[in-house]
Amino acid sequence: MFKLIKIENGRQNVPEPEYLDVAASEAVAIGEALVLTAGKLTKCGATATPTHISMGEVSASATKRNIAACRVESNQVYEVECSAVPAALVPGDKVTLTTDALGVTATKDSGVAKVVALNGAAAAGDKITVRF
């Protein structure tokens, strides 16, 4: 889950929510990386830069498809779980997103999430900080 922890040069770490519809038959979890495609939010691919992070959730079968999401900006820093051992990562590396769009991998090829700090992460599942 992508958790906003800092907005650099911002007065507060609270993003302004946007209320947008989610693509039909798609479930969304809180903190999921999303892209806005054809006017609807959908899961972000591993090598795509997210446009939004979900602030709400919706099940695949829900009839109400509108959720709150924060727009991704370059001055935002997110805490997120790394799905693999981050031993080879250093700040500045760009890594890909996990298939569920709720975390990052240690894969640098075509990466989109720039590592800000490892925060002592040494094992899969540990949290690091990133920006887009």
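Reader: Where is E32 found?
Author: E32 sits in the loop between β2 (17–21) and β3 (33–37). Strands here are DSSP runs of E with at least two residues, and helices are runs of H or I with at least four residues, all numbered from the N terminus.

Reader: Before we go on, what kind of model is this?
Author: This is a predicted model: local features need pLDDT of at least 70, side-chain atom pairs count only at pLDDT 80 or more, and totals for chains, interfaces and linings use all residues. Residues are numbered from 1 along each chain as its sequence is written, and side-chain values use heavy atoms, with hydrogens and water left out.

Reader: Back to E32. Buried or exposed?
Author: E32 is buried, at a relative accessible area of 2%. Buried means under 20% relative accessible area, exposed means over 50%, and partly exposed is in between (1.4 Å probe, protein chains only).

Reader: Which side chain has a polar contact with the side chain of E32?
Author: That of K43, at 3.0 Å. A polar contact is a pair of N or O atoms within 3.5 Å; within protein, one must be able to donate a hydrogen and the other to accept it, and residues adjacent in sequence count only if both atoms are side-chain atoms. A polar atom of the E32 side chain also lies 2.9 Å from the backbone nitrogen of A29.

Reader: What else is E32 in contact with?
Author: Setting aside neighbours within four places in sequence, the contacts of E32 include H52, I53, S54, D100 and A101. Contact means heavy atoms within 4.5 Å.

Reader: A101 is on that list. Where is A101 found?
Author: A101 is in the loop between β8 and β9 (113–117). Its phi is near 60 degrees, a positive value in a residue other than glycine. A101 counts as buried, at 0% relative accessibility.

Reader: S25 has a positive phi too. Is S25 buried or exposed?
Author: S25 counts as exposed, at 62% relative accessibility. S25 is in the loop between β2 and β3. Its phi is near 60 degrees, and S25 is not glycine.

Reader: New topic. How many helices and strands are there?
Author: Zero helices and 10 strands.

Reader: What is the order of strands in the open sheet?
Author: Five strands form it, in the order β1-β7-β10-β9-β8, with antiparallel pairing. Two strands pair if DSSP finds at least two bridges between them. β1 (3–7) and β8 (94–95) are at the edges with a single partner strand each, so one side of each has no neighbour in the sheet.

Reader: What holds paired strands together in general?
Author: Strands of a sheet pair through backbone hydrogen bonds, either parallel or antiparallel.

Reader: How many bridges join β1 to β7?
Author: Four, and the two strands run antiparallel. One of the pairs is L4 with Y78 of β7.

Reader: And β7 with β10, how many bridges?
Author: Four bridges, again antiparallel, between β7 (residues 76–81) and β10 (residues 127–131). V80 has I128 as its bridge partner in β10. E79 has T129.

Reader: Last topic, the whole protein. How does its radius of gyration fit a compact globule?
Author: The protein has 14 Å, which agrees with the value near 14 Å for a compact globule of 132 residues. The radius is taken over C-alpha atoms, and the globule rule is 2.2 Å times the number of residues to the power 0.38. Those C-alpha atoms fill a box of roughly 45 × 35 × 20 Å, taken along the principal axes.

Reader: What share of the residues is buried?
Author: Buried residues make up 42% of the 132.
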